[in-house]
Amino acid sequence: MKPVKVGICGLGTVGGGTFNVLKRNAEEIARRAGRGIEVAQIATRHPNPKCDTGTTAITADIFDVVNNPEIDIVVELIGGYTLAKELVLKAIENGKHVVTANKALIAVHGNEIFAKACEKGVIVAFEASVAGGIPVIKAIREGLAGNRINWLAGIINGTGNFILTEMREKGRTFEDVLKEAQELGYAEADPTFDVEGIDAAHKLTILASIAFGIPLQFDKAYTEGIARLTTADVNYAEALGYRIKHLGVARRTDAGIELRVHPTLIPADRLIANVNGVMNAVMVNGDAVGSTLYYGAGAGMEPTASAVVADLVDVTRALTTDPNNRVPHLAFQPDSLSDHPILPISACESAYYLRIQAKDHPGVLAQVATILSERGINIESIMQKEAEVQDGLVPVILVTHRVVEQRIDDAIAALEALDDVADKVVRIRVEQLN
Ligand code: HSE
């Protein structure tokens with residue numbers, strides 16, 4: 001059978017990795033796919049010194065690839081929202097299948113893109129958009145198809161996890177580690193996407209849609225980054241038996257779906273609390289299977305290429321199947337998506353770590369306890385660091401039981417209004433993940 005012809009748009013970190021993996025493993029890939037997968041054209045403005053592109057046709061114009069009648073599958077690896085959207089929609093219009101690693105594109109414009117793809121009977125595959133090399137989309141969409149998914153929680157930004165790990169283990173500064181993540185090709189073009197949690201929210205939006213069968217709703221995701229985390233909180237969390245991880249959490253409740261990205265205390269003995277460096281991990285809890293955990297490299301040249309190439313193999317295998325019988329883009333049939341709402345963060349439920357800078361004199365703890373008990377907030381543990389009194393202020397650290405966020409918001413406002421409390425109260429959510 002004739003090889004499938006692929007056009008790669010973008011020869012950066014992931015594009016270069018994809019080219020190299022396709023070339024190096026060509027024979028093995030053909031044995032799996034049933035026919036060869038050949039890169040017929042590459043669109044790039046700059047050569048990638050890590051790729052020997054040999055005689056492969058190169059163009060500087062990405063639209064040459066989508067308009068090339070020879071190309072069966074367009075691989076979109078240019079990133080960003082605007083040009084990438086134009087490119088993908090044009091490829092679909094031209095009847096080409098698309099493979100993309102672009103989580104921003106899928107999270108923000110995916111509903112429109114999938115509708116167009118269904119209309120044209122083409123596939124848009126996006127395994128590499130979430131958690132780099134971990135086949136978590138396939139696991140949820142296909143491997144767990146018999147389950148009602150209850151919740152999922154993941155470390156889904158490698159750069160953020162790399163920064164937190166290096167800060168905790170080596171005491172390095174935030175800026176220093178971020179610079180290294182950029183040099184290693186882990187960080188987004190705009191690294192604020194990594195540190196502010198936007199990249200993780202893109203990925204969480206995608207995972208929630210395929211887990212719960214809802215349209216993509218990135219604009220409703222609650223997003224909080226890691227930039228405001230202090231070493232003090234990292235150390236107090238450790239003393240309480242927790243690790244702080246930047247977590248994306250999606251949970252189904254009767255009232256709606258929680259969709260939130262924020263720093264989170266996790267019990268230190270959980271496997272996921274020990275996922276370090278650029279590694280990602282996603283826990284998925286289904287009613288039949290219970291909790292499952294998927295772990296691997298969440299960013300980088302060849303790990304991400306591994307997912308792109310797997311999609312190319314999937315698309316190649318599916319070329320001859322009836323379009324109506326293919327795996328649906330968002331796991332559920334397009335006319336069976338549910339309108340279960342996404343909850344605002346104030347209606348989400350979690351346990352909380354609070355750090356209060358309190359005046360060191362009698363009665364302060366009693367006031368704190370009263371404010372919490374009046375709002376029905378149960379304290380799980382409390383710690384006062386006498387040794388750390390500074391300017392007459394002592395850090396009081398406590399962990400609550402699970403409660404709706406609105407009550408914690410009210411309690412924090414009341415605590416901050418006390419004369420005996422200085423500064424803002426630090427609040428970090430806590431998940432037991434059991
Ligand atoms: N910037 C992303 C990360 C790349 O660090 O996880 C992979 O999506």
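**Close-up views of the predicted model**

**View 1. Glu-258 and Arg-251 join their side chains in a salt bridge, with N and O 3.6 Å apart.** A salt bridge here is a side-chain nitrogen of Lys or Arg within 4 Å of a carboxyl oxygen of Asp or Glu. By this rule the count comes to 35 salt bridges. Glu-258 is buried, at 1% relative accessibility, and Arg-251 is buried as well, with a relative accessible area of 17%. Follow the shared partners and you find one network of salt bridges, made up of Arg-251, Glu-258, Arg-260, Glu-349, Arg-402 and Glu-431. Buried means under 20% relative accessible area, exposed over 50%, and partly exposed in between (1.4 Å probe, protein chains only).

A word on reading all the views: the model is predicted, so local features need pLDDT of at least 70 and side-chain atom pairs count only at pLDDT 80 or more, while totals for chains, interfaces and linings use all residues. Residues are numbered from 1 along each chain as its sequence is written, and side-chain values use heavy atoms, with hydrogens and water left out.

**View 2. Arg-355 and Asp-233 meet through their side chains in a salt bridge of 2.5 Å, N to O.** Arg-355 belongs to strand S13 (residues 349-359) and Asp-233 to helix H11 (residues 231-239), so this pair ties together parts that are 122 residues apart in sequence. Both Arg-355 and Asp-233 are buried. The element names come from DSSP runs, numbered from the N terminus: helices are H or I with at least four residues, and strands are E with at least two.

**View 3. Arg-168 and Glu-169 form a salt bridge, their closest N and O atoms being 3.5 Å apart.** Are these two partners buried, partly exposed or exposed? Glu-169 is partly exposed, with a relative accessible area of 47%, and Arg-168 is partly exposed too, at 27%.

View 4. Phe-114 and Phe-126 are buried. Rings of Phe, Tyr and Trp (its six-membered ring) pair if their centres lie within 6.5 Å; planes under 30 degrees apart count as stacked, over 60 as edge-to-face and the rest as tilted.

**View 5. Phe-162 and Tyr-186 form an edge-to-face pair, because their planes stand at 85° and their ring centres are 5.7 Å apart.** Phe-162 lies in helix H7 (residues 158-170) and Tyr-186 in the loop between helix H8 (174-183) and helix H9 (192-195), so the pair ties together parts that are 24 residues apart in sequence. Phe-162 is buried, at 9% relative accessible area.

**View 6. Helix H4 (residues 82-93) and H5 pack at an angle of about 10°, with 10 Å between their axes.** H4 is therefore roughly parallel to H5. Angles under 35 degrees count as roughly parallel, over 145 as roughly antiparallel, 65 to 115 as roughly perpendicular and the rest as oblique. The axes are lines fitted to C-alpha atoms, for helices over the stretch in contact, and the angles run from 0 to 180 degrees between N-to-C directions. From H4, Ala-84, Lys-85, Val-88, Leu-89, Ile-92 and Glu-93 meet Leu-105, His-109, Glu-112, Ile-113, Lys-116, Ala-117 and Lys-120 of H5. The residues of this contact divide into 7 nonpolar, 1 polar and 5 charged. Contact means heavy atoms within 4.5 Å.

**View 7. Glu-405 has its place in helix H14 (residues 405-416).** Glu-405 counts as buried, at 3% relative accessibility. Not counting residues up to four places away in sequence, Glu-405 touches Ile-345, Ser-346, Cys-348, Tyr-352, Arg-427 and Arg-429.

**View 8. Glu-166 is found in helix H7.** Glu-166 is buried, at 8% relative accessibility. Which residues does Glu-166 contact, leaving aside its neighbours within four places in sequence? They are Gly-171, Arg-172 and Val-177.

**View 9. Ala-131 has a positive phi of about 60°, although it is not a glycine.** Ala-131 is in the loop between S6 and H6, and it counts as buried at 0% relative accessibility.

Conventions: Ala, Val, Leu, Ile, Met, Phe, Trp, Tyr, Cys and Pro count as nonpolar, Asp, Glu, Lys and Arg as charged, and the others, Gly among them, as polar.
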